Structure formats: structure tokens, C-alpha cells
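I opened the notebook to look up charged pairs and their surroundings. The entries follow in the order I worked.

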Amino acid sequence: MLLLHLMFFLCPEKIRAIYVDHQLQSGSAEWGRFVQHECQKLSIPCIVQPVIVAQGNLENQAREARYQAYLKHLQSNEILVLAHHQQDQAETLMLRLLSGAGVDGLSAMKRVDIREDLTIWRPLLDISREQICQWAADLNIQNIEDPSNQNNDYDRAWARQILWPLLSERFPKMQAALARTTDLMQDAQEILQDVLRQDTDVCIQDNILDLSKFSELSLARQRQLLSNWMKGEGQYRPALDMVQRLQCEVIHARADAQAALHWQGFYYVRYQQLVYKLSKEIYLAGQQPFSGEQQMIFRLQDRIDLPSGQFQIQAAAIGLSLDLLNQHLKMTQRQGGEKIHLCGRVGSWPLKKAIQDAQIFPWMRHTIQILSIDDVMLGVFTPKGFWLAESAYCEVEGWQPVLVSSISEHKDEH
């Protein structure tokens, strides 16, 4: 409420207020009406936004619901102004320290926090709660105390009611000292980010980690790089044990192991000297059951969408017979054990070896389909293109499917 009045004094015609009703307290709707009334007295536009708080850690889920409400109403040219103060900052540092946080966590809250989807300003972050209370009293500004602030079941309330008085009695200047620590951690975080950007540019391209370059880093820089990579666009880094699992179960797994680690919607998979960060949709697509066979009809210039990508039927110097156009051809998914005699090559060889030599990723091999007629293999559709098979149907001035766009997110020149 003090912040509301301060912003009114500073820029009265450039502010809006939002009250997020978490609906966790019986009086929360009445609090919203109180905020609306105070805003009306100052001619400040006010939004009351009820939210549904998901199951789980109540404090975290309430925070997530609150920020989603902010983003729903925040415009591109606006800044979110919050009333966090010095004790909030010190409590955040203390709680994160007790949870085993690293430099990012211990840097706590920034005065100006520029994120991808919003910018936050905390103008009261250097002011103590006692100063704020005195200031509000001097200005006769009314406020409502949330009763959950007295509920020691919540970590922050417990820290405020039990831990804080005990520590403050022994260390009277503790709050200011902890706030200074967050400033030092923010400096350390900025330096760390510079190092991380350099290591990321060297080791990671298109969400692919190059293990040969990664291995040249110190163990500490390796851990920081992995932690930051796994965090991605999220707000929080993974726990240290999850980073260690990525190292042990994937990076240091046997070369022939099909190891994968799942965390926050992504799968981390090693293939040769690279680790890929794959979306759940791409990785799990390979676990789908066999889809059976289907009949296909091809015409010149047609575009066809297949699991392995989009192909266009084009004339080719050497290709399939024109007589096969407009005919029913059979398409089946690879099942294993097939052999292929590639056009222009001597002898047949296992399709599996051709796939390995083409470096088609294991999680994409389910997209491979075999084109045939009367049990004669005509070719194979793969994420790397169509492989023409040697058969009686090959001829000069024929046709072939040409890969237009692959489902692979990893561009290469193979």
C-alpha cells in the first residue's frame, strides 16, 4: 500500500494496480475490494484477478499463479513494480542458503530484474520493514495483514517469526549484512554469466553438447555449464544431484549405451561424442507402436508428408520407372533384419548398417519406411532422404522422392 502511494506521487498518470486473489483466505475477496477502494481514491486503474493455485508446494504454486496473472495483464511497454524490502531480501537469501542453492540462488532478488517476458523493479529493496511501517504510519496509509504471515507451517513465516528474532538478537546488523551478501553474489553471478556465455558458445550449438570440447573445461565449469543448459528458459536451475545424474548416466555412459535422462520435459541423450537435448515429443515418438502398412499413390510434383519428413516427387536422371506413377505402392515401417541393395552399389547389405553409416539418430529410426511393390523393395524413406534400391524398376529418366524438409531439428551436411 505504501508502494501504491509512492508510485502515485512519482507518476500519477502512468500506473495501474493489480490485486491477485489467490482465493486461499476467506477474506481475500474483501481485501480485493479494499484495494479497489484505495485505488479509486487516487484515480488509479485497478484490476482484480482471481487465480486457481495448483496442488503441490503452496508457496511456490501461489507464486507461479501470481506471476501468470501479472503476465496476463502486463503490456509490452510496462514494468512490474513490486514492494519487496530489505527483510524480504535477507529472508530469501537465508532460505535459499538452507536449501543448498548456488550463486544464482544466493543472488536473491534484483532491484531491476530484466527477464525475457517481463521487467521487474523493486524500489524498496534497500529499505527495512521497520522504516516502511513508520513511513506508512506517518502518511496514514492503511493496510491489511495477511494472517498466513503468522502461520509457521510456511517456511518464510517460520523464518520471520522464529529464526529471525533469534539471529537478530545475536547479530543486530544481520539483515543489512545479508543484503550486502546478495549484492556480492549478484556480482559473482554476473562474472559467472560471462564465463558461461563463453563456454556455451564453444560447447553447445542448437542444443547439442560437444563432449570433445566440453571435456576440456574444469569440473566446476562443466557443472555450471550443464546446470545452466538444463535450466534453459526456466526460472530455476536443477538440483546438483540431477546435474550429477546427467554426468554419470549419460555423459560418462558406455559408448554403446542407450542412456537418456528426463528432466523438466526434455530428454538428454548421448549419441557418439554429442549429447542432444530433445523435446518429449521428439524422443518419445520412437516409442510408439508399429503403425502397419499403407498404400501410396505418387504423381510428379506431389508433396507427401511422412514421419521422416516432407518429400516432393521429382523427375530424376536415374530413378523409379514412370510406370509406377499413379499405381498403388506399399509403404511399411522398418522392423529390423532387412537388407538393401542401393542403386549403383555392388551387392546388398543390412539396412541397419546403412542407417548407422548415415548417422541417423536412434530416436528417429522409427520414422524409416520401406517402399515396395509385389515384395520388391523400391527404396527407403529416411530423415536423410530417399534411398533408391536396385531393382528391375530402376531406369534412366525416371523419378524419385526428394526430401524437402526433414523432421530432424539438427541440421547437418551429410
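**Notebook: salt bridges and one histidine**

I started with Arg33, which is partly exposed at a relative accessible area of 46%. I used these classes: buried is under 20% relative accessible area, exposed is over 50%, and partly exposed lies in between (1.4 Å probe, protein chains only).

I noted the ground rules next. The model is predicted, so local features need pLDDT of at least 70 and side-chain atom pairs count only at pLDDT 80 or more, while totals for chains, interfaces and linings use all residues. Residues are numbered from 1 along each chain as its sequence is written, and side-chain values use heavy atoms, with hydrogens and water left out.

**Entry: the pair in α2**

Which residue does Arg33 meet in a salt bridge? I found Glu30, at 2.9 Å, N to O. A salt bridge here is a side-chain nitrogen of Lys or Arg within 4 Å of a carboxyl oxygen of Asp or Glu. Side chains of opposite charge can pair when their charged atoms come close. Arg33 and Glu30 sit 3 residues apart in helix α2 (residues 28-41), so about one helical turn separates them. Helices (H or I, at least four residues) and strands (E, at least two) are DSSP runs, numbered from the N terminus. Glu30 is partly exposed, at 45% relative accessibility.

**Entry: the second pair in α2**

I moved on to Lys41. Lys41 forms a salt bridge with Glu38, and their closest N and O atoms are 3.2 Å apart. Both lie in helix α2, 3 residues apart, about one turn of the helix. Glu38 is buried at 8%.

**Entry: α8**

I then checked Asp194 and Arg197. Their side chains meet in a salt bridge at 2.4 Å, N to O. They are 3 residues apart in helix α8 (residues 174-203), about one helical turn. Asp194 is partly exposed at 36% relative accessibility. Arg197 is partly exposed too, with a relative accessible area of 47%.

**Entry: network and total**

I looked for linked bridges. Asp88, Glu91, Arg156 and Arg160 are joined in a network of salt bridges. How many salt bridges does the structure hold? I counted 17.

**Entry: His85**

Where is His85? I found His85 in the loop between β3 (80-81) and α4 (86-98). His85 is buried, at 10% relative accessibility. I listed its contacts (heavy atoms within 4.5 Å). Leaving aside neighbours within four places in sequence, His85 is in contact with Leu124, Leu125, Ile127, Arg129 and Ile132.
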